[in-house]
Amino acid sequence: MRDRRVALAVCLAAGFTTLIDQSVLNVAVPALRDSLHAGPATTQWLLAGYSLTFGLALVPAGRLGDVHGRRGLFIAGILLFTAASLVAGTATHAWVLAAARLLQGAGAGIVNPQVLGTIQDLFTGPARARALGAYATVGGLAALAGPVAGGLIIQSFGGELGWRLVLLINVPFGLLTAAVALRVLPRGGGRGRRTTLDLPGLVLLAAVTLAALLPFIVSAGWPAWLLVACAGTGAFLAWERRYARAGGTPILLPALIRSRGFVLGTLVAMFQFGASVSVSLVLTLLLQMGLGFSPLGAALTVLPSALGFAVSSVLSWRLVARYGRRGVAWATVGSVFTVLVTILVVAGVPRSEIAWALAATQLAMGVAAGLVNSPNQALTLGYAPPQAAGLAAGFLQVSQRISATISLAAVTGLFLRTGGTHGGARDGAVAGLVVCLGMLLASAGLAFVGTTRTTARAPATERPRPSPVTVPSESP
């Protein structure tokens with residue numbers, strides 16, 4: 001029992017280190033841009049690249065861990081993440097930092113499936129539920145601690161040294177976690193069979209994501225990139241069907257594509273998650289770069305979002321138990337109205353009062369997101385066949401990461417190019433928030449479509465209590 005508790009502690013430490021990375025970096029963006037003279041395109045890669053490689057690594061890393069054992073992949077992922085953090089923290093060119101962020105994301109994407117898989121391997125019954133609940137709690141703590149820790153570090157050590165310490169702080173924790181994992185995590189654990197990774201499917205999915213991402217970075221060629229994205233999506237779906245017929249295990253099982261409930265729920269999750277993480281980012285940029293707030297002041301202003309998310313996530317099962325999918329749909333409407341109010345605050349509230357006003361809207365945003373995230377994931381996964389539950393959960397996480405990648409790049413580009421700093425910052429923030437509003441409107445519309453009773457196959461239970469493992473890689 002003691003060995004299992006130590007192994008769980010190592011897993012939780014790894015989860016905390018990788019999940020805190022995005023939120024802690026947001027407040028450091030203005031300082032590192034000034035230090036490295038990063039342009040808008042490079043800044044977009046800095047913020048979006050981590051989510052891109054994180055998401056693409058999730059499914060193959062999970063399958064390799066299932067087949068060949070988790071300890072080696074866990075340690076390799078932590079060491080990759082740690083080495084990339086060292087490169088990022090010592091970078092003297094913006095493009096080096098952007099490349100290091102891609103590697104950091106890949107390392108985190110390798111680690112996190114091993115964390116969840118190890119917990120599943122070591123615990124059963126109520127002990128497993130408690131362990132998974134602890135992982136969910138760690139995800140919430142990472143979202144709470146990240147902005148405040150980043151703000152304190154930069155305020156204490158200054159911009160140049162501060163943003164470097166924000167990235168370098170991962171290094172000692174990563175090395176310690178890898179060393180302890182080598183001693184305490186169980187050896188082996190693989191099933192010893194042939195691995196099917198669906199690498200062509202992964203490449204096609206990456207190509208579709210890049211085609212949707214690049215217009216926001218290069219600010220040109222929208223029609224051509226849209227055609228490439230559409231063609232790539234068709235090629236991806238066709239390949240997945242062919243790969244499944246040949247006996248392989250695809251990234252997206254064709255049965256899931258045919259499930260109206262799963263498709264709608266996945267789209268709701270994509271639009272809602274991407275919008276939520278982007279709202280916090282654009283407000284952080286506005287407060288620091290446009291309104292002159294300190295990093296700590298900006299972090300404390302957006303912190304209520306994480307607090308509201310943590311509290312409402314715990315209570316969200318009551319909403320879905322009483323109202324089912326309709327409760328989730330109305331919670332998405334709450335997110336829409338919250339962003340509308342946020343736009344009005346950004347556009348019209350004086351600087352002297354804007355912090356309190358935004359803190360209130362961020363609290364409401366977090367509460368609404370918490371009422372959507374876990375219930376929607378649980379209900380959506382109810383449409384997956386029992387034998388495909390793992391594939392469905394993996395693709396749901398990947399889809400959220402893809403959404404975050406594109407939306408973070410979009411709102412960052414709009415903010416920096418529309419106004420960016422000083423007088424035009426509010427215009428840039430409003431432009432970014434309008435994108436988030438559009439995504440949430442799409443999420444709400446799809447959520448209400450999902451409440452109709454015309455779905456081909458009802459979920460296993462219409463009103464499940466959300467699982468504690470439905471933890472986003474980034475809390476809004």
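The paragraphs below take up the cores, then one alanine, then a helix crossing.

This is a predicted model, in which local features need pLDDT of at least 70 and side-chain atom pairs count only at pLDDT 80 or more, while totals for chains, interfaces and linings use all residues. Residues are numbered from 1 along each chain as its sequence is written, and side-chain values use heavy atoms, with hydrogens and water left out.

A nonpolar core is a set of buried Ala, Val, Leu, Ile, Met, Phe, Trp, Tyr and Cys residues joined through side-chain atoms within 4.5 Å, where buried means under 20% relative accessible area (1.4 Å probe, protein chains only). The largest such core has 40 residues, and Leu283, Ile354 and Phe415 have the most contacts inside it. Helices are DSSP runs of H or I with at least four residues, numbered from the N terminus; among those giving two or more residues to this core are helix 13 (295–323) and helix 16 (389–418), while helix 12 provides the largest share, 11 residues. Apart from this core lies another, of 26 residues, including Phe81 and Ile402.

Alanine 100 belongs to helix 5 (residues 94–122) and is buried, with a relative accessible area of 2%. Not counting residues up to four places away in sequence, alanine 100 touches Ala84, Val87 and Ala88, contact meaning heavy atoms within 4.5 Å.

Elsewhere, the contact between helix 2 and helix 7 is made by Ala31, Leu32, Ser35 and Leu36 of helix 2 together with Gly159, Glu160, Trp163 and Arg164 of helix 7.

Definitions and conventions
Buried < 20%, exposed > 50% of the residue type's maximum accessible area, 1.4 Å probe, protein only.
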